[in-house]
Amino acid sequence: MSDHNIKLLIMKKLSLAIIVTALSSLMLNSCKKAEPVVRNTSNELSDIYATMEGMGKDRLFDARFSAKRDTIYFDIPYYYPVNSDNEVDLSKIILRSTVPSDAIVTPALGSLQDVSKPFILTITPGSGEPSSFVVVSRKVGDVSITSAKLEYTLGNAVQQVEAVIKGSDVFFYILPGTDVSNAKLNLNINKHSTSSIPNGASVNLAQNVPLTITGKDGSKKVYTLKATEPVKLDYGVGINRRMWTKTASELGFTTNMETGFAVSGDYLITVVRTNPAQYRVFNRFTGAYVKDMPLPFSALAFQVVNDLSGNILGTTFAAKNGKFLAYKWSGVDATPVKLIEWTNNNPTGITGDGGVGRRINIYGDLNGDAVITSVGGQSSIIYKWTVKNGVAVSQTPEVFKYESVTGGAASFMGYQADAQPVSTQPNTNYFINYQFEIALVNGVTNERMFGFNNSTTVFGIFHFATEYIEFNNAKYLAVQKFVSTYSYNNAILGIFDVTENSKISLAPGDPRYSTFNIYNSESFIGANANASGTGDVAIALSPDKERMQVYMLLTNGGILAHEFTKYTP
């Protein structure tokens with residue numbers, strides 16, 4: 001056989017072997033069984049809430065479950081917003097829920113639904129037993145008392161005292177020997193509700209007086225008016241209460257736009273970071289919208305803040321080579337006065353963002369002595385302006401570097417760090433607050449002195465805005481703490497007593513921790529993810545300095561208002 005024929009024979013045998021091998025492999029694979037899909041057996045309903053037509057993304061009404069978790073109740077306000085004339089139609093409610101991934105909800109949720117009558121909601125898992133719930137919805141009237149004031153005459157002057165409302169008790173803390181047998185009662189209740197005592201009527205609080213509020217639905221709540229002699233604390237806060245909360249929808253917020261606010265007199269002022277920016281004014285005791293403030297600049301702004309006397313400081317945002325403007329107002333109706341005009345020439349050569357004005361912190365009195373600070377974006381650089389006798393010492397800021405930056409950034413503090421001064425003294429110490437720490441910093445060395453314990457229990461998974469005040473011989477730091485989710489739409493207002501430096505680093509398990517972290521609000525949830533991780537806190541005192549009001553703004557969430565007093569029952 002020739003060499004050519006031998007080669008052809010070998011090639012034919014190799015081809016046959018390859019074909020046989022491939023067919024064998026194909027037959028083996030065709031016999032192999034497919035991996036089974038494991039179906040979810042869970043039939044749990046982890047979350048359910050209600051919203052309305054045209055507001056499908058807003059979490060308006062939360063549910064409550066019966067003790068056996070077999071009935072879901074929705075108490076929906078008779079009107080929404082509660083003090084409007086917009087009556088809620090229970091035949092046009094949208095329910096949304098969170099269930100296991102392959103479960104089926106019957107009836108299907110997410111579209112307009114008539115919930116005016118009870119119905120069965122069934123969760124059928126991928127495998128296993130379904131679970132059912134009875135859903136019961138009702139319209140409820142508002143029987144709350146937003147605020148109550150008592151007017152009485154002492155000498156030749158009319159005195160006024162605001163109530164502290166705790167549950168069904170309405171306390172008026174009156175000094176001993178004061179005659180309140182013919183005092184005038186002023187109530188703030190829902191306009192669709194009625195009171196058994198007319199607003200402005202006289203009451204005799206020499207003894208307790210019952211008061212009934214009746215809602216639009218006929219529901220009633222009985223309160224007791226009490227004139228009580230308070231015990232004034234020598235230190236710290238005692239009786240405290242929730243003043244009000246309002247959602248972003250109720251306040252007319254725009255998604256991702258409300259980033260800061262301030263307190264002045266009877267008002268809250270929010271900044272809307274449009275370009276040009278907008279300042280909106282609300283009553284700080286009720287949350288009612290009042291008006292828009294005219295602005296002396298037409299530019300982008302992120303911040304408006306207040307000093308210890310209620311003066312307002314409004315600033316523009318200055319990117320590198322942009323103009324930083326700061327104006328002060330003595331009140332919402334006052335004429336603004338330019339305080340600072342400076343071009344952000346990036347004096348330290350920040351390589352990152354370098355913008356100034358996303359966050360502004362202040363301590364002191366803008367009509368006297370004050371310190372104003374702002375952190376350069378994506379840097380460890382802090383800018384400081386000093387105010388003496390109501391005038392900026394220099395238009396050009398002092399520039400210094402925080403030397404103890406820690407965490408993943410290693411060299412900078414992100415876009416929205418706070419540097420909160422604690423006095424008006426030269427080289428004042430200050431609190432630093434950015435994504436990796438909260439710490440008290442030495443104003444001379446700019447190095448950390450005491451840092452908060454690095455625990456989510458202490459300051460959440462992320463923390464943002466900071467405000468500092470001295471009240472009743474104690475020093476307080478208010479902090480906005482983001483919890484539960486990195487969507488930054490779930491926040492808690494935390495109040496810390498930072499009077500003793502040794503307590504600043506306390507761990508949550510320390511027996512003294514509750515004397516440091518003295519208050520945490522419930523979770524305040526925004527309707528949408530907070531893309532910028534923004535928000536704010538602000539603090540004000542009552543005219544008599546006996547009460548401290550602390551406010552938290554959550555971008556896309558709304559505003560929470562809480563009050564603390566110097567008194568204990």
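Colleague: How many residues lie between E36 and E37 in the hairpin, and which residue in the turn has a positive phi?

Modeller: The hairpin of E36 and E37 has six residues between its strands, and Asn446 in the turn has a positive phi of about 60°. This is a predicted model, where local features need pLDDT of at least 70 and side-chain atom pairs count only at pLDDT 80 or more, while totals for chains, interfaces and linings use all residues. Residues are numbered from 1 along each chain as its sequence is written, and side-chain values use heavy atoms, with hydrogens and water left out.

Colleague: How many bridges join E36 to E37?

Modeller: Three bridges join strand E36 (residues 437-441) to strand E37 (residues 448-451), and the two run antiparallel; strands pair if DSSP finds at least two bridges between them. Ala439 stands opposite Gly451 in E37. Strands (E, at least two residues) and helices (H or I, at least four) are DSSP runs, numbered from the N terminus.

Colleague: Switching topic, where is Ile372, and why does Ile372 count as buried?

Modeller: Ile372 is found in strand E30 (residues 370-375), and Ile372 counts as buried because its relative accessibility is 1%, where buried means under 20% relative accessible area, exposed over 50% and partly exposed in between (1.4 Å probe, protein chains only).

Colleague: And which residues does Asn256 touch?

Modeller: Not counting residues up to four places away in sequence, Asn256 touches Arg273, Ala529, Asn530, Ala531, Thr555 and Asn556, a contact being heavy atoms within 4.5 Å. Asn256 is found in the loop between helix H2 (248-251) and strand E21 (258-264), and is buried, with a relative accessible area of 18%.
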